[in-house]
Every structure is written in structure tokens, then in C-alpha cells.
Amino acid sequence: EEEFLKEAPSVIGTISSDAHELMIQRLSFELHERKRLYDSNQKLRERKKICCGSLPNAYSDLESLANDVSSILQYGQKQTTSKKSTTSKTIPSTSSSSSSSSSSSSSSSSSSSSSSSSSSS
């Protein structure tokens, strides 16, 4: 009843002293409040629909961002590791340089043979 006495005059005007008229005013006020709350509910439902509709896109964006960050971190770790190994190496021994040169010549000959076999196809 306190809420009615506070808010009703702004909606229905002067409050009647007649019991029957007071009941009609309360019902009118209640109808007005229900319509106001219904409109508010509809606006909130629309807002919820918009928010829920954008959530799957946001999740997929975050997942792809996580993958990108992970690959960047892996790349950075590889670069840091290769720089550390390059700076920590001393003068290479002759045995390791000869084996690396032989492996590079064998890989170049295998790539030549694979390119010639693909040309003949």
C-alpha cells in the first residue's frame, strides 16, 4: 500500500477517499505497472538475445587468439633457443663441418632427383 500511495499520484492523479473508487485506482495503477514491467522485460530479453548471439563469435575469436599467441610464443622460444645455441658454440670442429657439408650435398642431390622424377611424370 505504501508503494501505491507513493507512486500512484504521478500515474493516476489524486487518490480517492471512496473505497470503490480507490480499488479502481489501485487496479489502474497495477495495470500501468504491469505494462511498464512488461516493456522493461521485453527490452531486457532483446538485449539478452543480442548478447547471447554474439557469444559464440567471441568464443571462437578468443580460441583463435589463444592459438595465435601460442604459436607466437613457440616461435619466440625457437628463436631464443637458436640464438643461445649460436652464441654458445665455439669454433666448429672439422668433423662436424664435413658431416654437415656432406649432408647438405646429399640433400641437394636428392632434391635434384626428385625434381627430375617429377618432370618425367
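A salt bridge here is a side-chain nitrogen of Lys or Arg within 4 Å of a carboxyl oxygen of Asp or Glu. With that in hand, let us look at this predicted model.

Q: How many salt bridges does the structure hold?
A: The structure holds three. Let us take them one by one.

Q: What makes the contact between R34 and E30 a salt bridge?
A: The side chains of R34 and E30 meet at 2.9 Å, N to O. The cut-off is 4 Å, so the pair qualifies as a salt bridge.

Q: How are R34 and E30 placed along helix α2?
A: They are four residues apart in helix α2, and therefore separated by about one helical turn.

Q: Why is R34 called exposed?
A: R34 has a relative accessible area of 55%.

Q: Where does E33 lie?
A: E33 lies in helix α2, which spans residues 19-88.

Q: Why does E33 count as buried?
A: The relative accessibility of E33 is 10%. Buried means under 20%, so E33 belongs in that class.

Q: Which residues does E33 touch, not counting those up to four places away in sequence?
A: E33 touches E3 and E7.

Q: How do you know that E33 forms a salt bridge with R36?
A: The closest N and O atoms of E33 and R36 are 2.7 Å apart. That is within 4 Å, so the pair meets the definition. E33 and R36 are three residues apart in helix α2, about one helical turn.

Q: What makes R36 partly exposed?
A: R36 has 43% relative accessibility.

Q: Why is the pair of E46 and K49 called a salt bridge?
A: The closest N and O atoms of E46 and K49 are 3.9 Å apart. The cut-off is 4 Å, so this pair also counts. E46 and K49 both lie in helix α2, three residues apart, about one turn of the helix.

Notes: Residues are numbered from 1 along each chain as its sequence is written. This is a predicted model: local features need pLDDT of at least 70, side-chain atom pairs count only at pLDDT 80 or more; totals for chains, interfaces and linings use all residues. Side-chain values use heavy atoms; hydrogens and water are left out. Helices (H or I, at least four residues) and strands (E, at least two) are DSSP runs, numbered from the N terminus. Buried means under 20% relative accessible area, exposed over 50%, partly exposed in between (1.4 Å probe, protein chains only). Contact means heavy atoms within 4.5 Å.
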